[in-house]
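Student: Could you take me through this structure? I have not looked at it before.

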Amino acid sequence: MLFIAVVLAWLAMQFWGGAALFQRDEILMQWHSWLDNEYRNRVGDTGVIIALLLLPVIATALVLYIFGGWFFGLVGLVINVVVLLYACGRGDYLAQMQAYRFSMTHLDKQAVFDAADQYYSVKGDDLASVHNQVRQKISYQAYDRWFAVAFWFLILGAPGALLYRICHIVSAGSVDIEGESHSDENDASDADESASAYRYCSSYANDTNAILGFMDWLPSRLWALIIGLCGDFKSVVQVLSVKLFSNTPVVALLDRINLAIVYGDRAASLNDDETIDCHEIVEAKNELDMIEQVDSRAMIVAMAVIAVLILLL
């Protein structure tokens, strides 16, 4: 049953353009609004964030426990699939990346800037800066859209996958009273598109980012190794040997991994504050072409690895 759920989520991310039908974040927003209005003054920010994160997770676990075995486990399968699809990354990763890459076809920088703004909310008039920011978001979305969720689904079941996504949504939507976002590494996730319409308490981002830092540590490094298997494994291992136990944000780590895939030892030897700039559109397009090819192969390899683990365990 777990394998079927993981495969369906994989197909949705690979071929169906995501799972927008199941990803209705307004329910979570309404849940938080009610908690914030009714209980924040009584239990404080900590009490609200605990209820916001854990009550949906506990409710999902109870529903699976009570109804999961009905009709020879089919009800449990449906619940697992729905929760897993909800927990997958927001937006159509492939369509957005292809649209951004298509904007480079005519070598028009303004078209590239417009596409970066439209699809990734990156503004600017310097090609190197804009493309670096977009590449970071692409690197993170490739990992976040399915693999991270599937990892926690296999470890903790549907409740674990749900917890991971709720933390993302709360973190991406957390703003202070001036409206300035407090989300750091998770700005790369397109969850902010669904959560930006709602104002969360600013202190919640610290809690959810801490949880995400823990939940992203192991799967992000496993994803990096899988990318290495599909590209330049030597350069990827060289990067991981330096950053394996560092506190490097996941977005920066995965971006460095993709740079290592494209540029090899040149990227692997960069310091934390260094990067490789693309000053010409042709260079940026070549980067994206290689990143897309490697990410596509990595999704297939990841699915195969998970299938083997499920069958063996």
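Student: What should I know about the model and its numbering?

Tutor: This is a predicted model, in which local features need pLDDT of at least 70 and side-chain atom pairs count only at pLDDT 80 or more, while totals for chains, interfaces and linings use all residues. Residues are numbered from 1 along each chain as its sequence is written, and side-chain values use heavy atoms, with hydrogens and water left out.

Student: How many helices and strands does the protein have?

Tutor: The secondary structure comes to 13 helices and zero strands. Helices (H or I, at least four residues) and strands (E, at least two) are DSSP runs, numbered from the N terminus.

Student: And what share of the residues is buried?

Tutor: Of the 313 residues, 51% count as buried. Buried means under 20% relative accessible area, exposed over 50%, and partly exposed in between, with a 1.4 Å probe and protein chains only.

Student: What share of the contacts links residues 24 or more positions apart?

Tutor: Such pairs account for 73% of the contacts with a separation of 6 or more. Contact means heavy atoms within 4.5 Å.

Student: How do α10 and α11 pack?

Tutor: Their axes are 8 Å apart, and the packing angle is about 150°. Axes are lines fitted to C-alpha atoms, for helices over the stretch in contact, and angles run from 0 to 180 degrees between N-to-C directions. The helices α10 and α11 are therefore roughly antiparallel to each other. Angles under 35 degrees count as roughly parallel, over 145 as roughly antiparallel, 65 to 115 as roughly perpendicular and the rest as oblique.

Student: Which residues meet there?

Tutor: Ser 235, Val 236, Val 239, Leu 240 and Lys 243 in α10 meet Leu 253, Arg 256, Ile 257, Ala 260 and Ile 261 in α11.

Student: What about α6 and α13, how are they arranged?

Tutor: Helices α6 and α13 pack at an angle of about 5°, with axes 11 Å apart, and are therefore roughly parallel to each other. The α6 residues that meet α13 include Leu 127, His 131 and Arg 135, and their partners in α13 include Ile 281, Glu 287 and Ile 291.

Student: Is Arg 135 buried or exposed?

Tutor: Arg 135 is buried, with a relative accessible area of 1%. This residue of helix α6 (residues 127–144) touches Asp 255, Leu 259, Thr 275, Ile 276, Glu 287 and Ile 291, not counting residues up to four places away in sequence.

Student: Changing topic: how many salt bridges are there?

Tutor: A search of the whole structure finds eight. A salt bridge is a side-chain nitrogen of Lys or Arg within 4 Å of a carboxyl oxygen of Asp or Glu. One of them joins Glu 292 and Arg 101, at 2.3 Å from N to O. Glu 292 lies in helix α13 (residues 281–312) and Arg 101 in helix α4 (residues 93–102), so this pair ties together parts that are 191 residues apart in sequence. Glu 292 counts as buried at 13% relative accessibility.

Student: Can you give me another one?

Tutor: Lys 123 forms a salt bridge with Asp 117, with the closest N and O atoms 2.9 Å apart. Lys 123 counts as exposed at 62% relative accessibility, whereas Asp 117 is partly exposed at 31%.

Student: Last topic: where does Phe 71 lie?

Tutor: Phe 71 lies in the loop between α2 (26–67) and α3 (74–87). Although Phe 71 is not a glycine, it has a positive phi of about 50°. Most residues other than glycine have a negative phi. Ser 121, in the loop between α5 (109–120) and α6, also is not a glycine and has a positive phi of about 55°.
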